[in-house]
Amino acid sequence: MNDAAAVARRARADTSAPAAALLEIDDVTVQYKTDQSLITAAQQVSFKVYPSDRYILLGPSGCGKSSLLKAVGGYIRPAQGAIRLKGREILEPGPDRMMVFQEFDQLLPWKTVRQNVEFALEASGRMKGPQAADRAAYYIDKVGLRVFRDSYPHMLSGGMKQRVSIARGMAMEPDVLLMDEPFAALDALTRRKMQDELLRLWDDTRVTVMFVTHSIEEAVKIGTRILLLSPHPGQVKAELNGIPAGEMGAASQARLEARINEMLFAFEEAWA
(Lines give C-alpha, C1' and ligand atoms only; values in the text may rest on other atoms or scores of the structure.)
Protein backbone atom coordinates (compact mmCIF):
# COMPACT_ATOMS: atom_id res chain seq x y z
CA MET A 1 0.00 0.00 0.00
CA ASN A 2 2.73 2.42 0.96
CA ASP A 3 4.77 1.41 -2.10
CA ALA A 4 1.79 2.02 -4.38
CA ALA A 5 1.22 5.45 -2.85
CA ALA A 6 4.88 6.34 -3.34
CA VAL A 7 4.69 5.31 -7.01
CA ALA A 8 1.56 7.41 -7.48
CA ARG A 9 3.23 10.42 -5.86
CA ARG A 10 6.25 10.06 -8.15
CA ALA A 11 4.00 9.78 -11.19
CA ARG A 12 2.15 12.96 -10.22
CA ALA A 13 5.46 14.73 -9.65
CA ASP A 14 6.74 13.61 -13.06
CA THR A 15 3.68 14.87 -14.95
CA SER A 16 3.64 18.20 -13.13
CA ALA A 17 7.36 18.89 -13.50
CA PRO A 18 8.22 21.68 -15.95
CA ALA A 19 9.82 20.72 -19.26
CA ALA A 20 13.58 20.97 -19.44
CA ALA A 21 14.94 23.94 -21.37
CA LEU A 22 15.84 23.13 -24.96
CA LEU A 23 18.16 26.12 -25.37
CA GLU A 24 20.05 28.00 -22.65
CA ILE A 25 21.73 31.36 -23.15
CA ASP A 26 23.86 31.84 -20.06
CA ASP A 27 25.42 35.25 -19.29
CA VAL A 28 26.31 35.79 -22.94
CA THR A 29 28.17 38.82 -24.24
CA VAL A 30 28.55 39.17 -28.01
CA GLN A 31 31.17 41.48 -29.53
CA TYR A 32 32.50 42.24 -33.00
CA LYS A 33 35.38 44.30 -34.33
CA THR A 34 35.32 47.25 -36.71
CA ASP A 35 38.33 49.04 -38.16
CA GLN A 36 38.15 51.55 -35.32
CA SER A 37 36.97 49.67 -32.25
CA LEU A 38 35.52 46.65 -30.51
CA ILE A 39 31.70 46.84 -30.37
CA THR A 40 29.66 45.11 -27.68
CA ALA A 41 26.38 44.16 -29.34
CA ALA A 42 24.77 42.34 -26.39
CA GLN A 43 25.95 42.20 -22.79
CA GLN A 44 25.44 39.51 -20.12
CA VAL A 45 22.22 38.18 -21.64
CA SER A 46 20.57 35.12 -20.10
CA PHE A 47 17.32 33.36 -21.01
CA LYS A 48 15.92 29.90 -21.74
CA VAL A 49 13.90 28.60 -24.66
CA TYR A 50 11.62 25.60 -24.12
CA PRO A 51 10.35 23.02 -26.64
CA SER A 52 7.65 24.44 -28.95
CA ASP A 53 8.27 28.03 -27.82
CA ARG A 54 7.79 30.85 -30.27
CA TYR A 55 10.43 32.94 -28.58
CA ILE A 56 10.79 36.58 -29.64
CA LEU A 57 13.83 38.85 -29.30
CA LEU A 58 12.45 42.40 -29.40
CA GLY A 59 14.24 45.70 -29.07
CA PRO A 60 15.43 48.80 -30.92
CA SER A 61 17.90 48.68 -33.79
CA GLY A 62 21.44 47.99 -32.62
CA CYS A 63 20.48 46.15 -29.42
CA GLY A 64 22.16 42.90 -30.48
CA LYS A 65 19.08 40.85 -31.45
CA SER A 66 20.55 39.51 -34.68
CA SER A 67 23.97 39.06 -33.10
CA LEU A 68 22.45 36.86 -30.40
CA LEU A 69 20.56 34.85 -33.03
CA LYS A 70 23.77 34.33 -35.03
CA ALA A 71 25.54 33.24 -31.84
CA VAL A 72 22.82 30.63 -31.30
CA GLY A 73 23.33 29.58 -34.91
CA GLY A 74 27.04 29.10 -34.19
CA TYR A 75 28.18 31.83 -36.58
CA ILE A 76 29.54 34.06 -33.79
CA ARG A 77 31.44 32.84 -30.75
CA PRO A 78 30.39 34.66 -27.54
CA ALA A 79 33.07 36.77 -25.89
CA GLN A 80 31.64 35.68 -22.53
CA GLY A 81 29.18 33.06 -21.33
CA ALA A 82 27.87 29.94 -23.03
CA ILE A 83 25.01 28.84 -25.27
CA ARG A 84 23.79 25.26 -24.83
CA LEU A 85 21.37 23.24 -26.93
CA LYS A 86 20.06 20.12 -25.20
CA GLY A 87 22.83 20.58 -22.65
CA ARG A 88 25.66 20.70 -25.20
CA GLU A 89 27.59 23.92 -25.79
CA ILE A 90 27.21 25.42 -29.24
CA LEU A 91 30.61 25.95 -30.85
CA GLU A 92 29.79 25.96 -34.57
CA PRO A 93 26.86 25.90 -37.01
CA GLY A 94 24.89 22.67 -37.33
CA PRO A 95 21.75 21.23 -38.96
CA ASP A 96 20.01 21.20 -35.57
CA ARG A 97 19.69 25.01 -35.97
CA MET A 98 18.39 26.31 -39.30
CA MET A 99 18.39 30.03 -40.12
CA VAL A 100 15.90 32.04 -42.18
CA PHE A 101 17.27 35.49 -43.00
CA GLN A 102 15.55 38.73 -43.95
CA GLU A 103 16.94 38.80 -47.48
CA PHE A 104 14.95 37.19 -50.29
CA ASP A 105 18.01 35.93 -52.17
CA GLN A 106 18.77 32.96 -49.94
CA LEU A 107 18.00 30.40 -52.64
CA LEU A 108 20.27 28.91 -55.30
CA PRO A 109 19.02 30.65 -58.46
CA TRP A 110 19.86 27.75 -60.79
CA LYS A 111 17.77 25.27 -58.78
CA THR A 112 13.99 24.93 -58.65
CA VAL A 113 11.95 25.23 -55.46
CA ARG A 114 12.02 21.45 -55.05
CA GLN A 115 15.75 21.23 -55.76
CA ASN A 116 16.56 24.01 -53.28
CA VAL A 117 14.79 22.16 -50.48
CA GLU A 118 16.24 18.78 -51.46
CA PHE A 119 19.74 20.25 -51.72
CA ALA A 120 19.76 21.27 -48.05
CA LEU A 121 18.81 17.74 -47.02
CA GLU A 122 21.39 16.10 -49.27
CA ALA A 123 24.28 18.51 -48.62
CA SER A 124 23.83 18.10 -44.85
CA GLY A 125 23.82 14.31 -45.15
CA ARG A 126 20.39 14.10 -43.55
CA MET A 127 18.93 12.05 -46.42
CA LYS A 128 19.26 11.49 -50.15
CA GLY A 129 17.30 10.30 -53.18
CA PRO A 130 13.63 9.37 -52.78
CA GLN A 131 13.68 10.13 -49.04
CA ALA A 132 14.90 13.68 -49.62
CA ALA A 133 12.38 14.13 -52.44
CA ASP A 134 9.49 12.97 -50.24
CA ARG A 135 10.54 15.16 -47.32
CA ALA A 136 10.97 18.20 -49.59
CA ALA A 137 7.56 17.63 -51.21
CA TYR A 138 5.91 17.39 -47.80
CA TYR A 139 7.20 20.75 -46.57
CA ILE A 140 6.73 22.50 -49.92
CA ASP A 141 3.10 21.43 -49.65
CA LYS A 142 3.00 22.71 -46.06
CA VAL A 143 3.97 26.23 -47.18
CA GLY A 144 1.43 26.16 -50.03
CA LEU A 145 3.85 26.02 -52.96
CA ARG A 146 3.03 22.62 -54.47
CA VAL A 147 2.12 24.10 -57.87
CA PHE A 148 5.38 26.10 -57.88
CA ARG A 149 7.69 23.23 -56.95
CA ASP A 150 9.36 23.25 -60.39
CA SER A 151 9.66 27.05 -60.59
CA TYR A 152 12.97 28.90 -60.29
CA PRO A 153 13.53 31.67 -57.71
CA HIS A 154 13.36 34.48 -60.30
CA MET A 155 9.79 33.37 -61.06
CA LEU A 156 8.66 33.84 -57.44
CA SER A 157 7.52 36.87 -55.43
CA GLY A 158 9.41 37.93 -52.30
CA GLY A 159 6.85 36.26 -50.05
CA MET A 160 7.04 33.03 -52.02
CA LYS A 161 10.83 33.00 -51.78
CA GLN A 162 10.56 33.35 -48.02
CA ARG A 163 8.13 30.42 -47.94
CA VAL A 164 10.72 28.32 -49.78
CA SER A 165 13.37 29.36 -47.22
CA ILE A 166 11.02 28.36 -44.41
CA ALA A 167 10.22 25.04 -46.11
CA ARG A 168 13.95 24.39 -46.53
CA GLY A 169 14.60 25.09 -42.88
CA MET A 170 11.65 23.05 -41.63
CA ALA A 171 12.48 20.11 -43.92
CA MET A 172 15.67 19.68 -41.92
CA GLU A 173 13.43 19.24 -38.85
CA PRO A 174 15.88 21.17 -36.66
CA ASP A 175 15.68 21.48 -32.90
CA VAL A 176 15.14 25.21 -33.35
CA LEU A 177 14.25 27.35 -36.36
CA LEU A 178 16.07 30.72 -36.21
CA MET A 179 14.29 33.59 -37.98
CA ASP A 180 16.02 36.96 -38.38
CA GLU A 181 13.31 39.51 -39.25
CA PRO A 182 12.15 37.22 -42.08
CA PHE A 183 9.14 39.35 -43.06
CA ALA A 184 10.62 42.84 -42.58
CA ALA A 185 11.21 43.49 -46.30
CA LEU A 186 7.71 42.43 -47.35
CA ASP A 187 4.80 44.78 -48.01
CA ALA A 188 2.29 45.12 -45.16
CA LEU A 189 -0.36 42.77 -46.61
CA THR A 190 2.13 40.04 -47.51
CA ARG A 191 3.81 40.37 -44.14
CA ARG A 192 0.51 39.83 -42.34
CA LYS A 193 -0.25 36.81 -44.50
CA MET A 194 3.19 35.32 -43.81
CA GLN A 195 2.70 35.79 -40.06
CA ASP A 196 -0.59 33.90 -40.29
CA GLU A 197 1.05 31.14 -42.32
CA LEU A 198 3.88 30.80 -39.81
CA LEU A 199 1.35 30.35 -37.00
CA ARG A 200 -0.50 27.75 -39.07
CA LEU A 201 2.74 25.88 -39.73
CA TRP A 202 3.57 26.00 -36.03
CA ASP A 203 0.15 24.55 -35.19
CA ASP A 204 0.93 21.65 -37.53
CA THR A 205 4.53 21.00 -36.47
CA ARG A 206 5.09 22.63 -33.04
CA VAL A 207 8.62 23.47 -34.17
CA THR A 208 10.58 25.60 -31.70
CA VAL A 209 11.05 29.07 -33.19
CA MET A 210 13.41 31.85 -32.13
CA PHE A 211 12.33 35.01 -33.94
CA VAL A 212 13.97 38.45 -34.14
CA THR A 213 11.85 41.53 -34.83
CA HIS A 214 11.73 45.23 -34.07
CA SER A 215 7.95 45.32 -34.58
CA ILE A 216 5.92 45.27 -31.38
CA GLU A 217 2.77 44.25 -33.29
CA GLU A 218 4.57 41.30 -34.89
CA ALA A 219 6.09 40.22 -31.57
CA VAL A 220 2.67 40.17 -29.88
CA LYS A 221 1.02 38.30 -32.74
CA ILE A 222 3.69 35.60 -33.06
CA GLY A 223 5.30 35.18 -29.65
CA THR A 224 4.47 32.81 -26.84
CA ARG A 225 7.25 34.57 -24.91
CA ILE A 226 8.87 37.93 -25.62
CA LEU A 227 12.30 39.07 -24.42
CA LEU A 228 12.75 42.86 -24.28
CA LEU A 229 16.28 44.13 -24.83
CA SER A 230 17.62 47.56 -23.92
CA PRO A 231 19.24 49.88 -26.47
CA HIS A 232 22.87 49.24 -27.36
CA PRO A 233 24.48 47.30 -25.84
CA GLY A 234 21.52 44.95 -25.53
CA GLN A 235 20.73 43.74 -22.03
CA VAL A 236 17.69 41.86 -20.77
CA LYS A 237 15.15 44.22 -19.28
CA ALA A 238 12.04 42.03 -19.18
CA GLU A 239 10.58 38.74 -20.33
CA LEU A 240 6.84 38.69 -20.96
CA ASN A 241 4.40 35.91 -21.70
CA GLY A 242 2.51 36.18 -24.97
CA ILE A 243 -1.25 36.06 -25.22
CA PRO A 244 -2.72 32.53 -24.87
CA ALA A 245 -4.35 31.31 -28.07
CA GLY A 246 -7.82 31.30 -26.55
CA GLU A 247 -7.49 34.91 -25.39
CA MET A 248 -6.11 36.39 -28.62
CA GLY A 249 -8.13 39.39 -29.76
CA ALA A 250 -7.86 43.05 -30.61
CA ALA A 251 -8.30 44.26 -27.02
CA SER A 252 -5.78 41.86 -25.44
CA GLN A 253 -3.27 42.50 -28.22
CA ALA A 254 -3.64 46.25 -27.82
CA ARG A 255 -3.07 46.03 -24.05
CA LEU A 256 0.12 43.98 -24.44
CA GLU A 257 1.39 46.20 -27.26
CA ALA A 258 0.82 49.29 -25.10
CA ARG A 259 2.63 47.68 -22.16
CA ILE A 260 5.63 46.75 -24.31
CA ASN A 261 5.68 50.16 -25.97
CA GLU A 262 5.72 51.86 -22.57
CA MET A 263 8.50 49.62 -21.29
CA LEU A 264 10.69 50.05 -24.37
CA PHE A 265 10.33 53.83 -24.35
CA ALA A 266 11.06 53.86 -20.61
CA PHE A 267 14.27 51.92 -21.33
CA GLU A 268 15.32 54.40 -24.02
CA GLU A 269 14.67 57.38 -21.76
CA ALA A 270 16.62 55.76 -18.92
CA TRP A 271 19.49 55.02 -21.33
CA ALA A 272 19.60 58.55 -22.76
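Here is a walk through the overall fold and the aromatic pairs of this chain. The model is predicted, so local features need pLDDT of at least 70 and side-chain atom pairs count only at pLDDT 80 or more, while totals for chains, interfaces and linings use all residues. Residues are numbered from 1 along each chain as its sequence is written, and side-chain values use heavy atoms, with hydrogens and water left out.

Start with the big picture. The chain has eight helices and 10 strands, taken as DSSP runs (H or I, at least four residues, for helices; E, at least two, for strands) and numbered from the N terminus. Buried residues make up 48% of its 272 residues; buried means under 20% relative accessible area, exposed over 50% and partly exposed in between, with a 1.4 Å probe and protein chains only.

Now for the rings. Phe, Tyr and Trp rings (the six-membered one for Trp) pair if their centres lie within 6.5 Å; planes under 30 degrees apart are stacked, over 60 edge-to-face and the rest tilted. That rule gives three aromatic pairs. One of them is edge-to-face, because the rings of Tyr138 and Tyr139 have centres 4.9 Å apart and planes at 90 degrees. Tyr138 is partly exposed at 44% relative accessibility, whereas Tyr139, at 7%, is buried.

Phe183 and Phe211 make a tilted pair, since their centres are 5.9 Å apart and their planes at 55 degrees. Phe183 sits in the loop between β7 (176-180) and α6 (188-205) and Phe211 in strand β8 (residues 209-213), so this pair ties together parts 28 residues apart in sequence. Both Phe183 and Phe211 are buried.
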